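Subject: Structure for you to look at

Dear colleague,

Here is the structure I said I would pass on. My notes on it follow below.

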Amino acid sequence: MSVLTLPAQPGQDTAPPPVPWRGMAWVTWRQQRALLISVPAVLAAVAVALVIFGLKAHHDYAALVNCPLNQGRQSGACQKLFSHFNSTDWPLANTVSILVALAPVLIGAFAGAPLLARELESGSYRFAWTQGLGRERQVIAKLVLVGIALVILAGAFGGLFSWFFQPFLWTEQMNRLTTEGVFASGGIVFPAFTLVAFMIGAFLGMLLRRVIPALAATLGGYLVIRLAAWGVRKYYPLAVVTGNSKVFSQFGTPSVPGYPWILSTWVTGPGGQPASQSITNGILNGPPGGSVPPGYTEWNRWIPLTHYWPMQCIEAGWLLVIAAALMAGTVWLVRHRAA
Amino acid sequence: MTVFAPPASRLDAGADVRSRPVPWPGMLWVTWRQHRALLITVSAVFCAAVAGLLVTGLRIHHDYALLIACRPAGSPACQGLSDFFNSTDWHQGEFAHIAVQAAPVLIAMFAGPPVVARELETGTYRYAWTQGIGRGRWTVAKLALLGSLLTIMAFAISQLLTWFFAPFMTTRQLTDLTPTVFDTSGLSYAAWTLVAFCLGAFLGTLLRGTLAGMAATLGGYVGLAAATWFYLRDHYPVRTFWPMQLLEAGWLLILSAALIGGTIWLVRRYAA
Amino acid sequence: MNIIETCELGKRYGTSWALRDCTLTLPAGHLAALVGPNGAGKSTLMNMTAGLTAATSGTVTVLGGHPAGSPAALNGVAFVAQDAPVYRNLSAGDMLHLTRNLNQRFDTSFARERLADLGIPLNKKAGKLSGGQQSQLALTLALARRPRLLILDEPLAALDPIARQDFLAAVMTAMTDDGVSVLLSSHQVAELERVADFLIVLSRAQLQVAGEVDDLLAGHRLLTGPTAEADECGGRLTVVQTRRGDAQTHLLVTTSDAAAPVPPGWESHQVSLEEVVMAYLRSPGVSQPAPLTRVQRPQPTEATR
């Protein structure tokens, strides 16, 4: 492919034109109209369902907390509330949390994969890429505009889901940190995952040049990133180490939702040496709140609940780096690929 | 310019314009060639799932056997086994279960809508539907072939998963009728896969677009599943495992047939 | 046998008619040229004849009475739609295999030979072929089905002049060798004059002309004479189109009698097919259906130089 260059006329401004953001906003809106209407509509419908169900869950939870269950007096009415919450509200919430975990990739894949691939597949890029604005600027504008819209939507939706799930944090030792479906579905990590999924979709769409294969590959790529995040989360440099930590027994009750994330536990004996296996087992498997033999110390390496936001920032941080890299890669492909 | 008098052509000798129908086996190759990428991907996923379930399942069964044979029960060593089973093994089991449950709709989303919608979108229906076989038979053959394959694979996976998950039924106190277990055992899983595929084919044809069909299939399936879980199953006239399975598979099968019928009706009605 | 027969055929999309009141009879053994401006209804007529679209009103039958789109019709009719749709991800060889599997009759050796002659590689993806090669591929597949009726929607559009000649030659060969009837639409009227022996003109969703080319050419004359006498002369004849200049006027007229006397001071010329077609296309209210039906009184239009 040869490039035809004209000698610059004296005094002529040869700098490329700046992106006319308003113009590109209209173009993006008009081209992605179906998507930009249907995604918020679906999210709104799900949000309404979440609000309805969430209000009920919060109500049931409040009733449960006020029941003197955690003080040992287990009345029949309290038991009923407890089992109703566990058998009806909880399975539904669990299902919802799994669906919400899939939401970023569904939104991101449906938004990202066709963004560029559809133009390539249908041949309309031959019109778009020969307009005055130029292909790179158009692509940057589209990625930024749609990306911002998705981040805002996802942020709002993630916030709603966090509120919705709040009453369930104490069930089955759920906590906001370790439970995949909770940590990644709220805060700033949820919109970050959505953005990453969108960028994966756009990149693969440009790479594979066909919409359906790009969609499928985006699902796969997102799964890889989710698994990677799940695996790497425990290594964030936020853990604390404390000794004589039998205080964890106070957690995990309805009135104190959330349980800190214990990464590892070990026991040392007199003089700081590791205790024998039998003593260690006895201490670790003993009753919560039980005493530790004198001279021995139970150590825990754990992440307190108060470190939720720092964790969120670290995860959102590296996800954003990946998203930015994918965006740069997409623009590079657009610039260098002869269609 | 003279008019050509039609000569005795190769067709005339015994030619029969009222034709025998085009033989069905031709559609085997047609379906394979046009959906090759999908068929290969789905087969690869299937093989990977079978391998994964087998390997992991054997280990889980082994761990469980050690666990229940552990003596004395309640000792720290046995407690350690129990902890491990309930954390690591359970996480893997849970992940496998969730993945298996999510698979049908995700696969059907890619398999169903493109069958008709892609032809409409690219304009190739103007070739495909003017061939001798006719658009009705073309559609039926493709949907039957793809749908049968997916259903059979789904049935195999569900049986394997039932074996895989057996130890957890005891440790997590689950029953046959626990919704997530019911979904993936017996006939239910295969029936749900079939209905997801038929829903995809129908919606792709109705909306005349692949992407729209995919999104609608996802939404429609989730809606149908939610309605079944939280409402329909409570109103079944039977309460034990196999009768409920047969009932659910039955109405799902009827729904699938109706969706296929609807798809064919839409195809016949389609005007260029 | 009538290879195509329509009776008051019409197709409506929403509130507008793409084709209406189309009654025509095409006998077998002809190459019929279907001409008309864009949006006239050519593709609609072809789609209905091929069985892709159902009629809103009226009927269309093919191959001597079989309803369009019926299994017998699909078996004997091969259709190549506009821009020759092929599966872009399949190779030419795959397309052969596909067409063979979808039809009862398929001459694989003929198809392979023809593709080899045309220089179209069998293992190249159809989407990577040039537009002309795709057209040739689509025609090859259609011919290899050994149809009785071949319907081609603007097949020459993507072809260079030499390829167009070769294409038409291939079509003619099929006609002579196998007795295939052909309905072919195109904008290249001059080129079709050499091959077509039946003409169908559509304009603004109406049928204007349907008849054998020989009869049409014999039945029209171009009269040239002084403008002063034009109205008087035209009033006594059936005028299709009037071209009035300052001194001279040309009248394209129908003549039911070839030996009818030419008015004094006037000259009579034979017309070419293109002139007939252009005259009718510029006179939308005029129609000349098949000779056996009643000829309507035309409203001539005027065009001043």
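I begin with Asp83(C), which is partly exposed because 17 other C-beta atoms lie within 10 Å. On this scale a residue is buried with 20 or more other C-beta atoms within 10 Å of its own, exposed with 12 or fewer, and partly exposed in between, the C-beta atoms being placed from the backbone. Asp83(C) has a positive phi of about 45° although it is not a glycine. Its place is the loop between strand E6 (77–80) and helix H3 (92–102) of chain C. Helices (H or I, at least four residues) and strands (E, at least two) are DSSP runs, numbered from the N terminus.

The model is predicted: local features need pLDDT of at least 70, side-chain atom pairs count only at pLDDT 80 or more, and totals for chains, interfaces and linings use all residues. Residues are numbered from 1 along each chain as its sequence is written, while chains are lettered from A and ligands numbered from 1 in the order in which they are written.

Backbone, continued. Arg204(C) also has a positive phi, near 50°, and lies in the loop between strand E9 (198–203) and strand E10 (206–212) of chain C. Arg204(C) is partly exposed, with 16 other C-beta atoms within 10 Å. In chain B, the peptide bond from Arg71(B) to Pro72(B) is cis, with omega near -10°. Pro72(B) sits in the loop between helix H2 (36–69) and H3 of chain B. For context, most residues other than glycine have a negative phi, and most peptide bonds are trans.

Chain folds. Chain C holds 10 helices and 15 strands, whereas chain B has 10 helices and zero strands. For the 305 residues of chain C, a compact globule would have a radius of gyration near 19 Å, and the 21 Å of chain C agrees with that. The C-alpha atoms of chain B fill a box of roughly 105 × 40 × 30 Å along the principal axes; the C-alpha trace of chain C spans about 70 × 40 × 35 Å. Buried residues make up 36% of chain B and 49% of chain C.

Cores. A nonpolar core here is a set of buried Ala, Val, Leu, Ile, Met, Phe, Trp, Tyr and Cys residues joined through C-beta atoms within 7 Å. The largest has 120 residues, and those with the most contacts inside it are Val196(A), Met199(A), Phe197(B) and Cys198(B). Its largest share, 18 residues, comes from helix H3 (residues 76–122) of chain A. A second, separate core of 106 residues includes Ile4(C), Ala50(C), Phe106(C) and Val182(C).

Interface. Between chains B and A, 15 residues of chain B are in contact with 15 residues of chain A, contact meaning C-beta atoms, placed from the backbone, within 7 Å. On the chain B side, helix H3 (76–111) and helix H9 (210–230) are the elements that give two or more residues. The largest share of that side, seven residues, comes from H3(B).

Regards

How values were computed:
Two residues are in contact if their C-beta atoms, placed from the backbone, lie within 7 Å. The radius of gyration is taken over C-alpha atoms; the globule rule is 2.2 Å times the number of residues to the power 0.38.
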